[in-house]
Amino acid sequence: MVSMMEVKSYQYQAEVLMKEYLLADGLITYTSVLCGLLMCKMAYDMTHLVSSFYYKKYASLTKLQKIEWNNRGMSSVHAVFITIMSLYLVFISDLFSDQLVGPVTTRSSNISTFALGVSTGYFLTDLAMILWLYPYLGGMEYILHHLLSSVALAYSMLSGEGQLYIYMTLLCETTTPSVNLRWYLDTAGLKRSKAYVLNGVAMFVAWLVARILLFIYLFYHIYEHHDQIRMMHSIGYFLSLTIPVILFAMNLTWFMKILRGLKKTLTKKQAKQQ
């Protein structure tokens, strides 16, 4: 049995590792991106391992389908991680509170910077896979999305500027698990199931809240704090005013496709019930 002294010793060693290596000011940008790359590798391999054991039809998938299957497991893990971090930093933590002294656009912490590095590692990994298998995992719109995201993340991580807006934008990842589940159900031959319809409704609601309404609030916040945004470096100022607009336009385009798809699915469901 492990004694209390040994437990405390392990906790102390873990704290030292976090403070002196993972969250050390001089190393945090490197360690965080590396952690993001390792997270992607582990999530990809774990998705493959778990699916091989618990999903019998996994073995019958094509090579490309298996890669996309594992890739979506990887993106879902990142989505859960960054959604939790974004919710905490934007709505729970006082890091970006208007009641604190100083411009909100230049605030950062070791934890917020570390999470951005992890997310940067993910977007770089996913972008590499998209380019490697182009256009199977996504077309030019996905390449544009990931390039813009990677540039914004890397700049904010390295400069410490605009992290609030980055995290508000990253809340878009809330929709990723439902998007991936839709693909999993379709690939598993469950497109006509009740779960597929319910997931479609959940995806529509999540997209509306996280990628449409939240962006409208983001634009309002940028307008209200424009004097603080002007204090940023010219690069940060430019990125803050352009990338959210481009991403919102892409989100709106995808949202209209989701809306049409949901209408089509619900219409077919109602026709069968009559």
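The model is predicted, so local features need pLDDT of at least 70 and side-chain atom pairs count only at pLDDT 80 or more, while totals for chains, interfaces and linings use all residues. Residues are numbered from 1 along each chain as its sequence is written, and side-chain values use heavy atoms, leaving out hydrogens and water.

Rolling a probe the size of a water molecule over the atoms shows where empty space is left. Here a pocket is an open set of points on a 1 Å grid over the protein atoms alone, where a 1.4 Å probe fits and protein lies on both sides within 12 Å along at least five of seven lines. The largest pocket has a volume of about 1000 Å³. Volume is the space filled by probe spheres set on the points, which are joined across faces, edges and corners. The lining comprises 36 residues, each with an atom within 4 Å of a point. Arg 72, Tyr 142, Val 179, Arg 182 and Trp 207 lie nearest the centre of this pocket.

Helices are DSSP runs of H or I, at least four residues long, and strands are runs of E, at least two; both are numbered from the N terminus. Helices 3, 4, 5, 7, 8 and 10 each supply at least two lining residues. By class, 15 lining residues are nonpolar, 12 polar and nine charged. Ala, Val, Leu, Ile, Met, Phe, Trp, Tyr, Cys and Pro count as nonpolar, Asp, Glu, Lys and Arg as charged, and the others, Gly among them, as polar.

The structure holds two salt bridges. Such a bridge puts a side-chain nitrogen of Lys or Arg within 4 Å of a carboxyl oxygen of Asp or Glu. Glu 68 pairs with Arg 72, with the closest N and O atoms 2.9 Å apart. These two residues are four apart in helix 3, about one helical turn. Glu 68 is buried at 7% relative accessible area, and Arg 72 is buried at 17%. Buried means under 20%, exposed over 50%, and partly exposed in between, with a 1.4 Å probe and protein chains only. Lys 41 pairs with Asp 45 at 3.3 Å. Both lie in helix 2. Asp 45 is partly exposed, at 32%.

Asn 70 also sits in helix 3. Its relative accessibility is 3%, so Asn 70 counts as buried. Leaving aside residues up to four places away in sequence, Asn 70 touches Tyr 44, Thr 47, His 48 and Tyr 58, where contact means heavy atoms within 4.5 Å.
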